[in-house]
Amino acid sequence: MAAAAVYLAARLLNYDVSQKKIASMLELKESNIRKHYRFLIDNVAIIVYV
């Protein structure tokens, strides 16, 4: 879940990072990051102040 949150934060801040890169750094499967990222997008309200 934390890896998905990192990926989400990177996307919100316009960093060019892939799920594959995060997965390899943390020794996880891309599918786990993808699954939890989808969960965060669908079920968590995100407020971004600019």
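Is R38 buried, exposed or partly exposed? R38 is partly exposed, with a relative accessible area of 44%, where buried means under 20% relative accessible area, exposed over 50% and partly exposed in between (1.4 Å probe, protein chains only).

The model is predicted: local features need pLDDT of at least 70, side-chain atom pairs count only at pLDDT 80 or more, and totals for chains, interfaces and linings use all residues. Residues are numbered from 1 along each chain as its sequence is written, and side-chain values use heavy atoms, with hydrogens and water left out.

**View 1. The largest nonpolar core.** Nine residues form this core: A3, A4, Y7, L8, I22, A23, I33, Y37 and L40. A nonpolar core is a set of buried Ala, Val, Leu, Ile, Met, Phe, Trp, Tyr and Cys residues joined through side-chain atoms within 4.5 Å. Two or more residues are given to the core by each of α1 (2-12), α2 (19-26) and α3 (30-43); helices (H or I, at least four residues) and strands (E, at least two) are DSSP runs, numbered from the N terminus. Helix α1 provides the largest share, four residues. In soluble globular proteins, nonpolar side chains tend to be buried together.

**View 2. Surroundings of A3.** The core includes A3. Apart from neighbours within four places in sequence, A3 is in contact (heavy atoms within 4.5 Å) with I22, L26, L28 and I33.

**View 3. M1 and its partners.** M1 belongs to the segment before α1 and is partly exposed, at 46% relative accessible area. When residues up to four places away in sequence are not counted, M1 touches H36, F39 and L40. The C-alpha atoms of M1 and L40 lie 8.7 Å apart in space, although the two are 39 residues apart in sequence.

**View 4. Salt bridge between E30 and R34.** The structure holds two salt bridges, each defined by a side-chain nitrogen of Lys or Arg within 4 Å of a carboxyl oxygen of Asp or Glu. In the bridge between E30 and R34, the closest N and O atoms are 3.6 Å apart. Both residues lie in helix α3, four residues apart, about one turn of the helix. E30 is partly exposed at 31% relative accessible area, and R34 is likewise partly exposed at 41%.

**View 5. Salt bridge between D42 and R38.** The side chains of D42 and R38 form a salt bridge with an N to O distance of 3.5 Å. Because D42 and R38 are four residues apart in helix α3, about one helical turn separates them. D42 is exposed, with a relative accessible area of 51%, whereas R38 is partly exposed at 44%.
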